[in-house]
Every structure is written in structure tokens, then in C-alpha cells.
Amino acid sequence: MLALARFGADPLRFLDGLRGDDRDVVPFSLGPVHCHLLRRPEDLKAVLDDEDWPPLSRGRLMALDRWYGGGLILTEGAEHHRQRDELWKPLLADPRTPAIAAARAERLAASWFEGAPVELFGELRTLFWSIDWEALTGEAPAPEVLAALAAGTDAMQWLLGPFGRARWGWPLPSSARTRAARARLDAAIDRVIAARRAQPADDLVSRLVEREPDDDLVRATVKQWLGADQLHALVTWALYLLARHPEVTLDDPRPVIKEALRLYPPIWGFFREVSADYRLDGVTIPKGHVIALSQWVTHRDPALWSDAERFDPGRWADGARRPPDLSYFPFSAGPYECHAHHLAMTEAEVVLTALCRRWSFRPADEHPPQPTATGTIVPKGGLRMVPTARS
Ligand code: HEM
């Protein structure tokens with residue numbers, strides 16, 4: 001129970017502690033849950049490439065069904081492939097989203113003033129939700145939509161915790177607030193679905209309803225698009241790293257983004273549950289246990305990366321020597337990899353370039369931000385930065 005309390009209080013410090021263990025598979029327990037953290041890139045690859053679900057599954061993650069009500073993340077097997085290929089793929093390749101990202105990032109940059117601190121994490125979260133909503137619906141999100149999305153983000157954490165699924169129905173103020181937020185978000189999405197079924201428009205929901213007759217699945221897909229987007233965390237940390245390293249220029253944003261994804265991976269860890277004994281490189285992971293995979297641990301592993309804690313975009317230069325595959329997996333890998341990977345990289349480039357064309361930043365506070373693990377890696381208390389106009 002002690003480990004569970006330590007993990008709950010500060011997951012990243014807890015994982016830092018496991019990084020010091022030199023076993024290839026590091027066992028640890030979180031309350032009644034027995035976990036096995038994979039350290040070797042080869043083992044990470046074997047598990048992520050494995051399409052045998054069962055014995056692997058997302059297990060506890062299914063509690064997110066309370067918020068999403070179905071959709072890709074909660075689906076396995078042939079239907080998972082169908083949704084990825086038929087529903088998501090054409091939408092993710094649509095050029096509208098990067099164009100909206102560029103226009104909205106320009107507008108955000110134009111709203112800032114020289115020397116007046118901005119809280120970047122919050123501003124960027126609203127920016128990316130607004131880009132998503134506009135790409136999906138052709139409209140700007142109403143304040144109640146943004147508030148409902150924030151409530152959903154908070155709920156993800158307790159839904160994944162002990163009694164998460166049951167807590168949804170409890171007479172607690174937080175549960176009641178989340179249920180109400182879900183009802184408001186669903187109603188806003190349902191209005192768009194009904195309107196686009198009646199009269200298609202130039203947006204992604206129109207393309208979705210052409211392909212999918214089931215309104216519940218269309219709604220869940222829209223919600224997962226909004227809920228899975230981790231770009232605000234990525235761009236926040238990229239801007240922080242650039243502010244701390246004025247010697248790094250942004251001629252090519254890609255190496256900076258890749259290095260930000262290495263040091264502050266928005267998805268800092270995830271897991272697979274095993275429903276039958278699972279053999280992995282001479283170790284048996286018993287039925288009912290959990291395999292833990294952590295980008296936070298692997299990306300900063302000194303056994304894999306030289307000077308692992310140092311921000312060095314030069315690692316991503318063509319021809320630079322890098323550790324083996326799966327020493328780096330910000331978007332996961334294999335059949336359940338983030339299929340929005342390429343869109344996410346493009347959007348991050350577009351937004352970072354637009355913001356940095358106009359401004360450079362310096363931290364407004366003396367103390368460095370404390371990375372804290374929630375659904376993503378958040379700077380505790382936000383990240384206040386002071387913009388300075390580029391000449
Ligand atoms: C920096 C940005 C992003 C990062 C680091 C990221 C990371 C990830 C990771 C690690 C997974 C796999 C999780 C697992 O296997 O359990 C994943 C899956 C997923 N991501 Fe992303 N993601 C990002 C942006 C986005 C965006 C912008 C979207 C939507 C447009 C998105 C939609 C999804 C969906 C729907 C899945 C589930 C895929 C499946 O089950 O087949 N992600 N993401």
C-alpha cells in the first residue's frame with residue numbers, strides 16, 4: 001500500500017526510483033495490482049507488436065468508457081482495424097486541421113503583449129481543443145464545450161484509479177459534475193451530428209457521418225479526438241526548453257519537437273493487462289498481472305541515452321547515432337500505436353513555428369516548473385512565460 005501511496009503522490013518520482021533498478025523486468029506492486037516494468041527496447045517491441053488480444057488487453061483503461069461511451073480506444077480486433085482504417089485514417093489525413101492550426105496559432109500569438117506573462121499550458125490547451133473542434137465541426141467551441149472537456153480531463157484520472165468505474169455513479173459532487181459535463185458535451189456533439197446528417201458541411205463530422213451510420217460511434221470518435229490530443233503538453237514543454245536554451249534556434253522545428261517528446265513525453269506511461277501467463281524473454285508474467293511501459297523511464301534511461309537528461313536536438317540530426325528502436329516511443333508502436341502521429345508532428349511544427357516567429361519567451365518565475373504526471377505531463381501550477389517580440 002505504501003508504493004500505491006507514493007505512486008499516487010508523485011508518479012514520475014516513483015518511476016525515477018525504478019529506473020535505478022538494473023533488472024530487465026522490474027516488478028512492483030500498486031496496492032493489489034502486480035506490475036512488471038519493461039526496461040529493454042526488445043521487450044517493449046515484442047509486447048507492442050503483439051496483436052494477440054487476449055492475452056493482452058487494455059484492462060482498467062476500459063473504465064474510460066464511462067466518459068467516452070465506446071470508440072476506438074475501447075475496441076479490439078477486427079472492429080479496431082475497421083475503425084482505424086475507415087473512420088480515422090481519412091480524417092487524420094485531411095489538410096484542414098493543419099491549416100486551422102496555423103490560423104489559430106497566429107491569432108493567439110497576436111493576442112499577447114510584450115512583457116505581459118502568459119500561462120502557456122492553459123492557453124495552449126484551449127488552443128488545441130479549439131483547433132480540434134473547428135476542424136471537426138467548422139465552428140468555434142462554446143465556453144461550455146471547453147469547460148466540459150476540462151471536466152473530462154479531470155475525470156480520466158479518477159476513472160483509472162481504484163473504484164473508478166463505480167465512482168462514476170456515486171452521489172459525490174465530483175461524479176455528479178462529471179456526469180453533467182458529459183451530458184452537455186454529448187448534447188453539443190449530437191446537435192452537430194444531426195445537422196450534418198441533414199445537410200453536410202465542409203468539416204470532419206460531415207465526412208464521419210458519411211461513413212458511419214451509428215451516431216453513438218460518431219459521437220465517441222469525436223470525443224476521443226478531443227480527449228486524446230496531447231499537443232498542448234508537447235508545445236508547452238518545447239517552448240520551455242527553447243526558453244532555457246536560447247542558443248537553440250528554430251530553423252528546423254522537428255528536432256526540437258522530437259527532443260521535447262523525449263524529455264517530456266506527454267504519454268509518460270501506459271500498460272497492458274495479461275489474461276493468461278505471458279512469456280517474455282525468459283520471464284513469465286503471471287495471469288492477472290500488468291505489464292508497465294513507461295516513456296518517462298525509457299527516454300531518460302542512462303543505459304540507453306548518453307547524457308540522458310540533457311536537452312540536445314542534435315541527437316535527431318541525420319546520421320546521428322541513436323539507441324535501438326523502442327528506446328523512444330512517444331506515440332507507442334505496433335498495431336495500437338497513435339495513428340495521429342503524423343498529424344500531431346505536423347500540427348506541433350505549425351504551431352511552434354507560428355508562435356516563435358513572433359515571440360521569444362523567458363520563464364516568468366524563478367523556480368523551474370515541476371513536471372507532474374496527470375493524464376499527461378503537466379507543469380505543476382501551470383507555466384508562466386514572458387513573451388518578447390522578435391526583432
Ligand atoms: C503529442 C501528441 C500525442 C501523443 C504523444 C500521443 C500519444 C499516444 C500514445 C502513446 C498512444 C497509445 C496508447 C496505448 O497504446 O495505450 C496513442 C493512441 C491514440 N492517440 Fe495519440 N498522441 C498524440 C496526439 C493525438 C492526437 C492529436 C489525436 C487525435 C487527433 C490522437 C488520437 C489517438 C487515439 C484515438 C489513440 C488510440 C489508438 C488506437 O487504439 O488504435 N493522439 N496516442
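The expected span of a helix is 1.5 Å times one less than its number of residues. In this predicted model, helix α6 (residues 96-110) has 15 residues and should therefore span 21 Å. Its end C-alpha atoms are 21 Å apart, in agreement with that value.

**Helix α6**

Thr97, Ile100, Ala101, Arg104 and Ala105 are the buried residues of α6. They lie on the same side of α6, because they cover an arc of only 130° around the axis. An α-helix has 3.6 residues a turn, so residues three or four places apart point the same way. The buried residues of α6 pack against α7 and α16. On the other side of the helix, Arg107 and Ala110 are exposed.

**Nonpolar cores**

The largest nonpolar core contains 79 residues. Those with the most contacts inside this core are Leu234, Val235, Ala238, Leu239, Ala260 and Val351. Helix α7 (residues 120-137) makes the greatest contribution to the core, 10 residues. Another core, of 8 residues, lies apart from it and has Leu64, Trp67, Met156 and Ala220 among its members. In soluble globular proteins, nonpolar side chains tend to be buried together.

Leaving aside neighbours within four places in sequence, leucine 239 is in contact with Leu120, Leu355, Phe361 and Met385.

**The ligand shell**

There are 22 residues around the ligand, and Ala228, Gln230, Ser332, Cys338 and Ala340 come nearest. The shell divides by residue class as follows.

| Class | Residues in the shell |
|---|---|
| Nonpolar | 16 residues |
| Polar | 4 residues |

At least two shell residues come from each of α12 (215-228), α13 (231-244) and α16. Helix α12 supplies the largest share, 3 residues.

**Phenylalanine 331**

Phenylalanine 331 is located in the loop between α15 (295-299) and α16 (341-358). Is phenylalanine 331 buried or partly exposed? A residue counts as buried if 20 or more other C-beta atoms lie within 10 Å of its own, and as exposed if 12 or fewer do. Phenylalanine 331 has 19 other C-beta atoms within 10 Å and is therefore partly exposed.

Not counting residues up to four places away in sequence, phenylalanine 331 touches Glu337, Cys338 and His341. One of these, Cys338, is also among the residues that come nearest to the ligand. Lysine 223 is 108 residues away from phenylalanine 331 along the chain, and the C-alpha atoms of the two are separated by 19 Å.

Methods
Residues are numbered from 1 along each chain as its sequence is written. This is a predicted model: local features need pLDDT of at least 70, side-chain atom pairs count only at pLDDT 80 or more; totals for chains, interfaces and linings use all residues. Helices (H or I, at least four residues) and strands (E, at least two) are DSSP runs, numbered from the N terminus. Two residues are in contact if their C-beta atoms, placed from the backbone, lie within 7 Å. A residue is near a molecule or strand if its C-beta atom, placed from the backbone, lies within 6 Å of it. Ala, Val, Leu, Ile, Met, Phe, Trp, Tyr, Cys and Pro count as nonpolar, Asp, Glu, Lys and Arg as charged, and the others, Gly among them, as polar. A nonpolar core is a set of buried Ala, Val, Leu, Ile, Met, Phe, Trp, Tyr and Cys residues joined through C-beta atoms within 7 Å. The arc is that of the directions from the helix axis to the C-beta atoms.
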